[in-house]
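Please keep the sequence and the structure in view while reading.

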Amino acid sequence: MLDNLQLGGNCSWGAQMNHLINKGQWWRLATSNFLYANVAHLVLNCCCLDALGPNVEALSGPERFPMVYATSAIASSATSYWLTKAPSIGASSKFRIVHSVLG
């Protein structure tokens, strides 16, 4: 989770901020998964996708992989929304869900 200083301009781009989601900005549950604090954050998430993606695609098939990815993104954002008040960006929790599915 990141505080407002680390989020920087990502707040207006769609970071997950519960008080704004409560005001009807539900799209933040999806957009927060595609925002990153810095290049290192993006690279780390790309490495995770590179490590886990092929296994998930092999299990789900290439046609269903985008749906598994999108469902994991929304589910992780919804869980974060319900369990914490802190703002959030990035896809790290999505990878935790995918990793747990793989065993």
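Asn 33 belongs to the loop that lies between α4 and α5. The model in which this residue is described is a predicted one. Is Asn 33 buried or exposed? Its relative accessibility is 1%, and because buried means under 20%, Asn 33 counts as buried. Along the chain, Asn 33 and Gly 90 are 57 residues apart, yet their C-alpha atoms are separated by 4.6 Å.

Ser 32 is found in the loop between α4 (28-31) and α5 (39-60). Ser 32 also counts as buried, because its relative accessibility is 1%. A polar atom of the Ser 32 side chain lies 3.0 Å from the backbone oxygen of Arg 28. Which residues does Ser 32 touch, leaving aside its neighbours within four places in sequence? Ser 32 is in contact with Gly 14, Ala 15 and Gln 16, with Ser 77, and with Ser 88, Ile 89 and Gly 90.

| Residue | Relative accessibility | Class |
|---|---|---|
| Ser 32 | 1% | buried |
| Asn 33 | 1% | buried |

The report now turns to the chain as a whole. The protein chain has seven helices and zero strands. Read from the N terminus, its elements therefore follow the order α-α-α-α-α-α-α, as DSSP runs numbered from that end. Of its 103 residues, 39% count as buried. Among the contacts in the protein chain with a separation of 6 or more, 65% are accounted for by residues 24 or more positions apart.

One pair of helices may be examined in detail. Two packed helices are described by the angle between their axes and the distance between the axes. How do α5 and α6 (residues 65-83) stand to each other, and at what angle do their axes cross? The axes of these helices come within 9 Å and cross at roughly 120°. The crossing in which α5 passes α6 is right-handed.

Which residues meet where α5 and α6 are in contact? From α5 come Leu 49, Gly 53, Val 56, Glu 57 and Ser 60, and these meet Phe 65, Val 68 and Tyr 69 in α6. The residues of this contact divide into five nonpolar, two polar and one charged.

Key
Residues are numbered from 1 along each chain as its sequence is written. This is a predicted model: local features need pLDDT of at least 70, side-chain atom pairs count only at pLDDT 80 or more; totals for chains, interfaces and linings use all residues. Side-chain values use heavy atoms; hydrogens and water are left out. Helices (H or I, at least four residues) and strands (E, at least two) are DSSP runs, numbered from the N terminus. Buried means under 20% relative accessible area, exposed over 50%, partly exposed in between (1.4 Å probe, protein chains only). A polar contact is a pair of N or O atoms within 3.5 Å; within protein, one must be able to donate a hydrogen and the other to accept it, and residues adjacent in sequence count only if both atoms are side-chain atoms. Contact means heavy atoms within 4.5 Å. Axes are lines fitted to C-alpha atoms, for helices over the stretch in contact, and angles run from 0 to 180 degrees between N-to-C directions. A crossing is left-handed if the near helix is turned anticlockwise from the far one by less than a right angle, and right-handed if clockwise. Ala, Val, Leu, Ile, Met, Phe, Trp, Tyr, Cys and Pro count as nonpolar, Asp, Glu, Lys and Arg as charged, and the others, Gly among them, as polar.
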